[in-house]
Amino acid sequence: MIDTKQRILDTAEQLFGAQGYDATSLRHIITEAGVNLAAIHYHFGSKEELLDELIVRRAGPVNERRIALLDQVEAESGAGPPALEKVLEALLVPMSEAADRNPEFVRLMGRMYAEGMMGAILQSHFQEVIARFVAAMRKALPELPEHELLWRIHFMTGAMAHTMCGPPDYTRVSSEPSPFRNRIARLIAFLSGGFRAPLPVGQADPEGTPPANPEVSQ
């Protein structure tokens, strides 16, 4: 039998993903979960802390696997630059595995991105991952100017969010959903081409200020 805390988490994950964080009230959650308001206050304290624990339970294992895979990539490359495609695999494969296991979490993260909450979530739960992967990409692309690297990481975030959280594959005639892992090879090919693309014509200097804190999505 699922305990009360787990039932609240599962219900909140489904509702936040389906209708958004702001549009989901605690009363709606307790009604769907079949618990009382005191149970939410006892286990979580507030709606904000409930969301925080939702992120921790799903993103924690994903981030641990990302770091483990990146450690392996860097160990294999030794003193040389890591292969960009391997760095991207270490970043993307764990999320695709999680998406196939828990599609509700992917919908939740998509909602958080759409509602402008991703920045705060990244600050709280993804700082080590962001720092490690930005450093690895910097080593993999030593000729790319820093400002351009940060812009391309910024664009990568949008591609990741759309691929993982957006609509199904447009190229499929059937509406049958495809596993997220089937999209990863194409996404890696797309991103690696973008990272290696020539600098924009006439853009030897940065246009504006690059993102100060690159967002490695989800």
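Which residues in α5 meet which residues in α6? Met95, Ala99, Asp100 and Arg101 of α5 meet Pro103, Phe105 and Val106 of α6. The structure is a predicted model, in which local features need pLDDT of at least 70, side-chain atom pairs count only at pLDDT 80 or more, and totals for chains, interfaces and linings use all residues. Residues are numbered from 1 along each chain as its sequence is written, and side-chain values use heavy atoms, with hydrogens and water left out.

**Overall architecture**

- The protein has 10 helices and 0 strands; helices (H or I, at least four residues) and strands (E, at least two) are DSSP runs, numbered from the N terminus.
- Along the sequence, the pattern reads α-α-α-α-α-α-α-α-α-α.
- Of the 218 residues in the protein, 43% are buried; buried means under 20% relative accessible area, exposed over 50%, and partly exposed in between, with a 1.4 Å probe and protein chains only.
- Among contacts (heavy atoms within 4.5 Å) between residues at least 6 apart in sequence, 79% join residues at least 24 apart.

- Helix α10 covers residues 181-196, which is 16 residues, and spans 23 Å from its first C-alpha to its last, close to the 22 Å expected at 1.5 Å a residue. The expected span is 1.5 Å times one less than the number of residues in the helix.
- The buried residues in α10 include Arg183, Ile184, Leu187, Ile188, Leu191, Ser192 and Phe195.
- An α-helix has 3.6 residues a turn, so residues three or four places apart point the same way.
- Helix α5 (residues 84-101) packs against α10 at an angle of about 150 degrees, and their axes are 10 Å apart. Axes are lines fitted to C-alpha atoms, for helices over the stretch in contact, and angles run from 0 to 180 degrees between N-to-C directions.
- The two helices, α5 and α10, are therefore roughly antiparallel to each other. Angles under 35 degrees count as roughly parallel, over 145 as roughly antiparallel, 65 to 115 as roughly perpendicular and the rest as oblique.
- On the α5 side, the contact is made by Leu84, Glu85, Leu88, Glu89, Leu92, Val93, Ser96 and Asp100; on the α10 side, by Arg181, Ile184, Leu187, Ile188, Leu191, Ser192, Phe195 and Arg196.
- The α5 and α10 crossing is right-handed. A crossing is left-handed if the near helix is turned anticlockwise from the far one by less than a right angle, and right-handed if clockwise.

**Helix α6 and its partners**

- The axes of α5 and α6 are 5 Å apart, and the helices pack at an angle of about 115 degrees; α5 and α6 are therefore roughly perpendicular to each other.
- Helix α1 (residues 4-19) and helix α6 (residues 103-114) have axes that come within 8 Å and cross at roughly 50 degrees.
- This makes α1 and α6 oblique to each other, and their crossing is left-handed.
- Glu13, Phe16, Gly17, Ala18 and Gln19 of α1 meet Glu104, Phe105, Arg107, Leu108 and Arg111 of α6.

**Residues in helix α4**

- Leu50 lies in helix α4 and is buried, at 0% relative accessibility.
- Leaving aside neighbours within four places in sequence, Leu50 is in contact with Ile8, Leu9, Ala12, Phe16, Ile29 and Phe44. The C-alpha atoms of Leu50 and Ala12 are 8.0 Å apart, although these residues are 38 residues apart along the chain.
- Glu53 is also found in helix α4 (residues 47-77) and is partly exposed, with a relative accessible area of 25%.
- Beyond neighbours within four places in sequence, Glu53 is in contact with Lys5, Leu9 and Phe44. Glu53 and Leu9 are 44 residues apart in sequence and 8.1 Å apart in space, C-alpha to C-alpha.

**Met137 in helix α8**

- Met137 belongs to helix α8 (residues 127-140) and is buried, with a relative accessible area of 1%.
- Not counting residues up to four places away in sequence, Met137 touches Val87, Leu88, Leu91, Leu149, Ile153, Met156 and Phe195.
- Met137 and Pro81 are 56 residues apart along the chain, and their C-alpha atoms are separated by 8.9 Å.
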